[in-house]
Amino acid sequence: MKAWTITGTGPHDLAELEIQEIAEPVPATGELKVHVHAVGLNPADYKVIAGGSWPTPHVIGMDAMGTVAVLGTGVTGFAVGDRVFYHGDLRRAGSLAEFTVTTSLSVAHVPDQVSDVQAAASLCGALTAYQALHRKANLATAKSILIHAGGGAVGLAALQFARQLGLQTITTTSARKRSLIDQIGADTIIDYHQTDVTAAVLTATQGRGVDISLNTIGGAELAADTDRMAYNGQIIAIGDGYPEHIDLDERALGLIRSGLGGVYRSQDPTGIHDLGVMAAAVAQQLANGQLDPMIGSVLPFDQARSGLQRLERGDQLGKIVVTL
């Protein structure tokens, strides 16, 4: 089969990616072999290439939509030919290939109303946003949310989920990505290049601060969020790194870590299965027209490397999907 692969000792760059002919994978007990139809590209795809080392060709890509080709021993709930999608394990051979293998625990069915491309575009970013709001946040008394980088994949999905929950939405963006947010809508949009974010958040909340911050930036921006929060507020950290000091005591703030792929390293079957449960919920929203995956580009398989290069440069608007 054809697959996009990287080989050898890292560090690597995207110029080293190449299409190779490799053997088709075989599913083990509890696994599915999937005939891949579409793959959503993510920054994690090129980040894992940079630092990885593989003695044999390693297939990249972690989000996949396709049809079930072979059932591993003990798999129930799926049949050959079922349309499925999933967020995969970066440690394993990936999805940018004609066929791939994954644990059945994290796989969800794709409704007939949802296209291959829509499904593939609604995994990593949408599931991260869904997990943050529906698994991590305490929504009992929350009225407002600050969504950092609202024009990114996580931010665009989070804005839609937050609106469904009736939250006041405040988001940061650059001017370049403002048009994407305008399509979704937000109560307050802050150009962080032009405006003091803390002052704008306090103005939008009449000085109270927000109940939830969905922070995809990490680092010092987590500490900066403490001045933007209401009492008992919750900072949900998705971005890399923590500041050396962060004051959570003055406003009794909570700092919560949200992440998807690490659950595979935990080997916790309940947590891994929840990826599939969340994917099924996202699929239903796609089918109902409640969620727009904000697709920017659809590329043929042989242009996957150029799609990842666009992501790495940061000049892409909307989700990139590769079709096979």
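Student: How are H3 and H9 oriented to each other: roughly parallel or roughly perpendicular?

Tutor: H3 and H9 are roughly perpendicular to each other, a term for angles of 65 to 115 degrees, whereas roughly parallel is for angles under 35 degrees. Their axes cross at roughly 100° and come within 10 Å. Axes are lines fitted to C-alpha atoms, for helices over the stretch in contact, and angles run from 0 to 180 degrees between N-to-C directions.

Student: Before we continue, what is the origin of the model and how are the residues numbered?

Tutor: This is a predicted model, in which local features need pLDDT of at least 70 and side-chain atom pairs count only at pLDDT 80 or more, while totals for chains, interfaces and linings use all residues. Residues are numbered from 1 along each chain as its sequence is written, and side-chain values use heavy atoms, with hydrogens and water left out.

Student: And which residues make the contact between H3 and H9?

Tutor: From H3 come Ala126, Leu127, Tyr130, Gln131 and Arg135, and from H9 come Asp274, Leu275, Val277, Met278, Ala279, Ala281 and Val282. Contact means heavy atoms within 4.5 Å. By class there are nine nonpolar residues, one polar and two charged. Here Ala, Val, Leu, Ile, Met, Phe, Trp, Tyr, Cys and Pro count as nonpolar, Asp, Glu, Lys and Arg as charged, and the others, Gly among them, as polar.

Student: At what angle do H1 and H10 cross?

Tutor: The axes of H1 (residues 43–51) and H10 (residues 304–313) cross at roughly 95° and come within 9 Å. H1 and H10 are therefore roughly perpendicular to each other. Pro43, Asp45 and Tyr46 of H1 meet Leu308, Leu311 and Glu312 of H10. That contact has four nonpolar residues, no polar ones and two charged ones.

Student: Let us turn to the sheets. What is the strand order in the open sheet of six strands?

Tutor: The order is E11-E10-E9-E12-E13-E14, and the pairing is parallel. Two strands pair if DSSP finds at least two bridges between them. The strands (E, at least two residues) and helices (H or I, at least four) are DSSP runs, numbered from the N terminus. E11 (188–191) and E14 (254–257) are the edge strands, each pairing on one side only. From one strand to the next, the twist averages 15°.

Student: How many bridges join E9 to E12?

Tutor: Three bridges join E9 (residues 144–147) to E12 (residues 210–215). Ile147 stands opposite Leu214 in E12.

Student: Which helix lies across E9, E10 and E12?

Tutor: That is H4 (residues 153–164), which runs at about 170° to E9. H4 has 12 residues and reaches 17 Å from its first C-alpha to its last, close to the 16 Å expected at 1.5 Å a residue. The expected span is 1.5 Å times one less than the number of residues. Just after H4, Gly166 takes a positive phi of about 75°.

Student: How many residues of H4 are buried, and what covers them?

Tutor: Nine of its 12 residues are buried, where buried means under 20% relative accessible area, exposed over 50%, and partly exposed in between (1.4 Å probe, protein chains only). Among them are Leu156, Leu159, Gln160 and Phe161. Their cover includes H3 (124–136), E9, E10, H5 (178–184), E12 and H9 (269–288).

Student: Is Asp225 buried or exposed?

Tutor: Asp225 is buried, with a relative accessible area of 0%. Asp225 is found in H7 (residues 220–225). Not counting residues up to four places away in sequence, Asp225 touches Leu146, His148, Ser213, Asn215 and Ile235.

Student: And Gly77, buried or exposed?

Tutor: Gly77 counts as exposed, at 58% relative accessibility. Gly77 sits in the loop between E5 (63–71) and E6 (83–87). Leaving aside neighbours within four places in sequence, Gly77 is in contact with Asp82 and His109.

Methods:
Parallel < 35°, antiparallel > 145°, perpendicular 65-115°, else oblique.
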